Amino acid sequence: MAMDAKEIELKAKALTKAATQNEPAANIVSLLKELQGGVKASEDLLRSTRVGIIVNKFKQHKAPEVARLASEVVSRWRNEVNKQKATGSGSGSQRSSASPRPPQNGTASPARASATPSDKASKLSVAPDKRTWKADGVDTNQTGNKARDNCIGLMYDGLCLHSTESPKAVLSKAVAVEAAAYDAFGPETKEPYRTKIRSLFQNLKNKSNPNLRVRVLTSEVTPERFVKMTHDELRSDEQRQKDQKIQKENMDKAMVAQAERSISKSLQCGKCGQRKVTYTEAQTRSADEPMTLFCTCLNCGKSWRQ
(Lines give C-alpha, C1' and ligand atoms only; values in the text may rest on other atoms or scores of the structure.)
Protein backbone atom coordinates (compact mmCIF):
# COMPACT_ATOMS: atom_id res chain seq x y z
CA MET A 1 0.00 0.00 0.00
CA ALA A 2 1.30 3.43 -0.94
CA MET A 3 2.31 5.68 1.94
CA ASP A 4 0.98 9.20 2.29
CA ALA A 5 3.27 12.21 2.60
CA LYS A 6 3.19 12.21 6.41
CA GLU A 7 4.22 8.54 6.64
CA ILE A 8 7.04 9.15 4.16
CA GLU A 9 8.33 12.11 6.18
CA LEU A 10 8.38 9.96 9.32
CA LYS A 11 10.36 7.23 7.55
CA ALA A 12 12.78 9.83 6.18
CA LYS A 13 13.33 11.22 9.70
CA ALA A 14 13.91 7.70 10.98
CA LEU A 15 16.54 7.19 8.28
CA THR A 16 18.32 10.40 9.26
CA LYS A 17 18.24 9.39 12.90
CA ALA A 18 19.61 5.93 12.09
CA ALA A 19 22.54 7.48 10.24
CA THR A 20 23.41 10.05 12.91
CA GLN A 21 23.23 7.46 15.70
CA ASN A 22 25.22 4.85 13.74
CA GLU A 23 22.50 2.24 13.93
CA PRO A 24 23.18 -1.22 12.39
CA ALA A 25 23.02 -1.45 8.60
CA ALA A 26 20.13 -3.93 8.92
CA ASN A 27 17.93 -1.20 10.44
CA ILE A 28 18.68 1.17 7.57
CA VAL A 29 18.07 -1.55 4.97
CA SER A 30 14.69 -2.29 6.57
CA LEU A 31 13.66 1.39 6.36
CA LEU A 32 14.84 1.66 2.75
CA LYS A 33 12.85 -1.43 1.77
CA GLU A 34 9.72 0.07 3.33
CA LEU A 35 10.23 3.23 1.28
CA GLN A 36 11.00 1.22 -1.83
CA GLY A 37 7.69 -0.60 -1.61
CA GLY A 38 5.57 2.19 -0.16
CA VAL A 39 6.46 5.30 -2.17
CA LYS A 40 4.66 5.95 -5.41
CA ALA A 41 7.13 8.55 -6.64
CA SER A 42 6.15 11.87 -8.13
CA GLU A 43 8.19 15.05 -8.42
CA ASP A 44 5.91 16.96 -6.04
CA LEU A 45 5.99 14.20 -3.43
CA LEU A 46 9.77 13.80 -3.49
CA ARG A 47 10.26 17.55 -3.20
CA SER A 48 7.76 18.14 -0.41
CA THR A 49 9.00 15.28 1.77
CA ARG A 50 12.70 15.65 0.79
CA VAL A 51 12.90 11.87 0.93
CA GLY A 52 14.77 11.73 -2.38
CA ILE A 53 17.59 13.92 -1.02
CA ILE A 54 17.81 11.90 2.20
CA VAL A 55 17.89 8.49 0.50
CA ASN A 56 20.39 9.76 -2.10
CA LYS A 57 22.92 10.45 0.69
CA PHE A 58 22.89 6.77 1.63
CA LYS A 59 24.41 5.89 -1.76
CA GLN A 60 27.75 6.80 -0.15
CA HIS A 61 27.16 4.65 2.97
CA LYS A 62 30.07 2.51 4.12
CA ALA A 63 27.86 -0.62 4.23
CA PRO A 64 27.69 -2.04 0.67
CA GLU A 65 24.16 -3.41 1.10
CA VAL A 66 22.89 0.01 2.20
CA ALA A 67 24.64 1.86 -0.63
CA ARG A 68 23.39 -0.63 -3.23
CA LEU A 69 19.77 -0.54 -2.05
CA ALA A 70 19.76 3.27 -1.80
CA SER A 71 21.06 3.47 -5.35
CA GLU A 72 18.30 1.13 -6.58
CA VAL A 73 15.60 3.12 -4.80
CA VAL A 74 16.80 6.48 -6.13
CA SER A 75 17.18 5.10 -9.66
CA ARG A 76 13.65 3.66 -9.55
CA TRP A 77 12.13 6.92 -8.32
CA ARG A 78 14.03 8.91 -10.93
CA ASN A 79 12.78 6.68 -13.73
CA GLU A 80 9.20 6.97 -12.51
CA VAL A 81 9.40 10.77 -12.41
CA ASN A 82 11.03 10.92 -15.85
CA LYS A 83 8.27 8.74 -17.30
CA GLN A 84 5.67 11.05 -15.82
CA LYS A 85 7.39 14.06 -17.37
CA ALA A 86 7.76 12.36 -20.73
CA THR A 87 4.07 11.46 -20.86
CA GLY A 88 2.99 14.78 -19.38
CA SER A 89 1.17 13.08 -16.52
CA GLY A 90 0.96 14.97 -13.28
CA SER A 91 1.18 13.77 -9.72
CA GLY A 92 -2.55 13.41 -9.20
CA SER A 93 -2.18 10.17 -7.28
CA GLN A 94 -0.29 12.03 -4.57
CA ARG A 95 -2.49 15.16 -4.58
CA SER A 96 -4.48 15.59 -1.38
CA SER A 97 -8.24 15.42 -1.41
CA ALA A 98 -8.32 19.07 -0.33
CA SER A 99 -6.86 20.19 -3.64
CA PRO A 100 -9.28 22.37 -5.63
CA ARG A 101 -11.01 20.67 -8.53
CA PRO A 102 -11.37 22.37 -11.91
CA PRO A 103 -14.76 24.04 -12.49
CA GLN A 104 -17.36 21.72 -13.96
CA ASN A 105 -18.51 24.27 -16.54
CA GLY A 106 -15.14 24.11 -18.30
CA THR A 107 -14.14 27.72 -17.60
CA ALA A 108 -11.01 28.53 -15.67
CA SER A 109 -11.29 30.35 -12.38
CA PRO A 110 -9.69 33.83 -12.17
CA ALA A 111 -6.91 32.50 -9.94
CA ARG A 112 -5.90 29.99 -12.62
CA ALA A 113 -6.44 32.17 -15.67
CA SER A 114 -2.74 33.02 -16.00
CA ALA A 115 -0.24 30.48 -17.32
CA THR A 116 1.11 28.06 -14.74
CA PRO A 117 4.80 27.02 -14.63
CA SER A 118 3.93 23.75 -16.36
CA ASP A 119 2.15 25.69 -19.13
CA LYS A 120 5.26 27.79 -19.62
CA ALA A 121 7.43 24.69 -19.75
CA SER A 122 5.26 23.32 -22.56
CA LYS A 123 5.62 26.33 -24.86
CA LEU A 124 8.59 27.74 -26.75
CA SER A 125 8.82 31.49 -26.16
CA VAL A 126 12.31 32.38 -27.51
CA ALA A 127 14.06 32.00 -30.85
CA PRO A 128 15.65 28.54 -31.31
CA ASP A 129 19.15 30.03 -31.67
CA LYS A 130 18.77 32.03 -28.42
CA ARG A 131 17.60 29.18 -26.22
CA THR A 132 19.13 28.31 -22.85
CA TRP A 133 17.54 26.88 -19.75
CA LYS A 134 17.41 30.37 -18.26
CA ALA A 135 15.84 31.90 -21.38
CA ASP A 136 13.27 29.10 -21.49
CA GLY A 137 12.50 29.63 -17.80
CA VAL A 138 12.83 25.98 -16.79
CA ASP A 139 13.70 24.69 -13.33
CA THR A 140 16.90 22.65 -13.42
CA ASN A 141 16.78 21.86 -9.69
CA GLN A 142 15.83 18.24 -10.22
CA THR A 143 18.12 16.22 -7.94
CA GLY A 144 18.62 18.38 -4.86
CA ASN A 145 22.36 18.32 -5.60
CA LYS A 146 23.74 21.64 -6.84
CA ALA A 147 26.59 20.13 -8.89
CA ARG A 148 24.31 17.66 -10.65
CA ASP A 149 21.61 20.28 -11.23
CA ASN A 150 24.23 22.53 -12.88
CA CYS A 151 25.11 19.63 -15.17
CA ILE A 152 21.44 19.21 -16.06
CA GLY A 153 21.51 22.87 -17.07
CA LEU A 154 24.53 22.21 -19.31
CA MET A 155 22.80 19.26 -20.97
CA TYR A 156 19.70 21.40 -21.50
CA ASP A 157 21.73 24.18 -23.13
CA GLY A 158 23.38 21.66 -25.44
CA LEU A 159 20.13 19.95 -26.43
CA CYS A 160 17.90 23.02 -26.87
CA LEU A 161 20.14 24.96 -29.28
CA HIS A 162 18.31 25.46 -32.62
CA SER A 163 15.61 23.05 -31.42
CA THR A 164 11.87 23.67 -31.56
CA GLU A 165 11.08 20.98 -29.00
CA SER A 166 9.14 22.20 -25.97
CA PRO A 167 11.14 23.17 -22.85
CA LYS A 168 9.39 20.37 -20.97
CA ALA A 169 10.56 17.74 -23.48
CA VAL A 170 14.11 19.07 -23.56
CA LEU A 171 14.31 19.18 -19.76
CA SER A 172 13.10 15.61 -19.49
CA LYS A 173 15.81 14.47 -21.90
CA ALA A 174 18.49 16.56 -20.14
CA VAL A 175 17.56 14.98 -16.81
CA ALA A 176 17.73 11.49 -18.35
CA VAL A 177 21.16 12.14 -19.93
CA GLU A 178 22.62 13.48 -16.66
CA ALA A 179 21.19 10.51 -14.76
CA ALA A 180 22.76 8.08 -17.24
CA ALA A 181 26.12 9.86 -16.93
CA TYR A 182 25.83 9.78 -13.14
CA ASP A 183 25.05 6.05 -13.11
CA ALA A 184 27.92 5.26 -15.49
CA PHE A 185 30.62 7.66 -14.23
CA GLY A 186 29.41 9.13 -10.91
CA PRO A 187 29.37 10.28 -8.25
CA GLU A 188 29.49 13.94 -9.19
CA THR A 189 32.65 14.46 -7.12
CA LYS A 190 34.68 12.21 -9.42
CA GLU A 191 36.63 13.53 -12.40
CA PRO A 192 35.27 10.93 -14.90
CA TYR A 193 31.74 12.26 -14.36
CA ARG A 194 32.77 15.90 -14.78
CA THR A 195 34.91 15.12 -17.82
CA LYS A 196 32.10 13.17 -19.48
CA ILE A 197 29.56 15.96 -18.92
CA ARG A 198 31.94 18.54 -20.45
CA SER A 199 32.59 16.26 -23.43
CA LEU A 200 28.88 15.66 -24.04
CA PHE A 201 28.16 19.39 -23.85
CA GLN A 202 30.90 20.26 -26.36
CA ASN A 203 29.66 17.62 -28.78
CA LEU A 204 26.06 18.81 -28.50
CA LYS A 205 27.13 22.42 -29.14
CA ASN A 206 29.29 21.48 -32.13
CA LYS A 207 28.01 23.53 -35.07
CA SER A 208 29.29 21.01 -37.57
CA ASN A 209 27.29 18.18 -35.99
CA PRO A 210 23.72 19.48 -35.45
CA ASN A 211 22.22 16.07 -36.16
CA LEU A 212 23.56 14.73 -32.85
CA ARG A 213 21.15 16.91 -30.86
CA VAL A 214 18.23 15.70 -32.98
CA ARG A 215 19.21 12.04 -32.56
CA VAL A 216 19.29 12.38 -28.77
CA LEU A 217 16.06 14.41 -28.51
CA THR A 218 14.14 11.97 -30.71
CA SER A 219 15.53 8.98 -28.76
CA GLU A 220 17.24 7.58 -31.85
CA VAL A 221 20.18 7.56 -29.46
CA THR A 222 19.13 6.69 -25.91
CA PRO A 223 20.67 8.56 -22.94
CA GLU A 224 22.40 5.37 -21.79
CA ARG A 225 23.92 4.87 -25.24
CA PHE A 226 24.76 8.57 -25.67
CA VAL A 227 26.93 8.81 -22.55
CA LYS A 228 29.00 5.80 -23.61
CA MET A 229 29.57 6.68 -27.27
CA THR A 230 33.20 6.97 -28.35
CA HIS A 231 34.66 10.12 -29.88
CA ASP A 232 34.39 8.55 -33.35
CA GLU A 233 30.76 7.51 -32.80
CA LEU A 234 29.81 11.04 -31.72
CA ARG A 235 31.06 12.58 -34.97
CA SER A 236 28.74 13.23 -37.88
CA ASP A 237 28.89 11.28 -41.15
CA GLU A 238 30.16 14.45 -42.85
CA GLN A 239 33.03 14.72 -40.39
CA ARG A 240 33.98 11.09 -40.93
CA GLN A 241 33.93 11.52 -44.73
CA LYS A 242 36.10 14.64 -44.48
CA ASP A 243 38.63 12.82 -42.26
CA GLN A 244 38.69 9.84 -44.62
CA LYS A 245 39.36 12.19 -47.54
CA ILE A 246 42.26 13.83 -45.71
CA GLN A 247 43.70 10.45 -44.79
CA LYS A 248 43.49 9.30 -48.40
CA GLU A 249 45.21 12.46 -49.64
CA ASN A 250 47.99 12.01 -47.09
CA MET A 251 48.40 8.39 -48.09
CA ASP A 252 48.57 9.31 -51.79
CA LYS A 253 51.24 11.91 -51.07
CA ALA A 254 53.23 9.44 -49.00
CA MET A 255 53.20 6.94 -51.87
CA VAL A 256 54.54 9.40 -54.47
CA ALA A 257 58.08 8.52 -55.48
CA GLN A 258 60.61 10.92 -53.99
CA ALA A 259 63.30 12.49 -56.14
CA GLU A 260 66.51 10.52 -55.99
CA ARG A 261 69.39 12.19 -54.16
CA SER A 262 72.96 11.63 -55.33
CA ILE A 263 75.53 10.35 -52.84
CA SER A 264 79.01 11.81 -52.90
CA LYS A 265 82.15 10.63 -51.15
CA SER A 266 84.00 13.77 -52.11
CA LEU A 267 81.82 15.93 -49.84
CA GLN A 268 82.70 15.92 -46.16
CA CYS A 269 80.39 16.74 -43.26
CA GLY A 270 81.71 19.63 -41.21
CA LYS A 271 80.09 18.27 -38.05
CA CYS A 272 81.08 14.59 -37.89
CA GLY A 273 83.78 14.48 -40.60
CA GLN A 274 82.13 11.59 -42.46
CA ARG A 275 82.01 11.46 -46.26
CA LYS A 276 78.58 9.90 -46.50
CA VAL A 277 76.75 12.91 -47.92
CA THR A 278 73.73 13.08 -50.21
CA TYR A 279 73.03 16.15 -52.29
CA THR A 280 70.73 17.71 -54.83
CA GLU A 281 71.50 20.53 -57.23
CA ALA A 282 69.33 23.58 -57.91
CA GLN A 283 69.86 26.79 -59.92
CA THR A 284 69.21 29.41 -57.22
CA ARG A 285 71.31 32.19 -58.77
CA SER A 286 71.65 33.65 -62.24
CA ALA A 287 72.18 31.29 -65.16
CA ASP A 288 75.90 32.11 -65.45
CA GLU A 289 76.49 31.24 -61.79
CA PRO A 290 77.26 27.68 -60.65
CA MET A 291 74.38 25.57 -59.24
CA THR A 292 73.78 25.37 -55.47
CA LEU A 293 74.30 22.04 -53.71
CA PHE A 294 71.87 21.10 -50.92
CA CYS A 295 73.72 18.56 -48.77
CA THR A 296 72.65 16.20 -45.98
CA CYS A 297 74.97 13.96 -43.97
CA LEU A 298 73.69 10.37 -43.78
CA ASN A 299 75.67 9.80 -40.59
CA CYS A 300 74.60 12.67 -38.31
CA GLY A 301 71.81 14.33 -40.30
CA LYS A 302 73.44 17.76 -40.60
CA SER A 303 72.16 19.77 -43.59
CA TRP A 304 73.87 22.63 -45.39
CA ARG A 305 74.23 24.16 -48.80
CA GLN A 306 77.26 25.21 -50.77
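I began with Cys-300, which is partly exposed at a relative accessible area of 31%. Here buried means under 20% relative accessible area, exposed over 50%, and partly exposed in between, with a 1.4 Å probe and protein chains only.

I noted the ground rules. This is a predicted model, in which local features need pLDDT of at least 70 and side-chain atom pairs count only at pLDDT 80 or more, while totals for chains, interfaces and linings use all residues. Residues are numbered from 1 along each chain as its sequence is written, and side-chain values use heavy atoms, without hydrogens and water.

Next I looked for disulfides, meaning pairs of cysteine sulfur atoms within 2.5 Å. I found zero in the structure. Cys-272 is in none; its nearest cysteine sulfur belongs to Cys-297, 3.6 Å away. Cys-300 is in none either; for this residue the nearest cysteine sulfur is that of Cys-269, at 3.6 Å. I logged Cys-272 as partly exposed, with a relative accessible area of 30%.

Then I turned to nonpolar cores: sets of buried Ala, Val, Leu, Ile, Met, Phe, Trp, Tyr and Cys residues joined through side-chain atoms within 4.5 Å. The largest has 28 residues, and Met-155, Tyr-156, Leu-159, Val-177, Val-216 and Phe-226 touch the most other members.

I also checked Val-216. Leaving aside neighbours within four places in sequence, Val-216 is in contact with Leu-159, Lys-173, Val-177, Val-221 and Phe-226; contact means heavy atoms within 4.5 Å.
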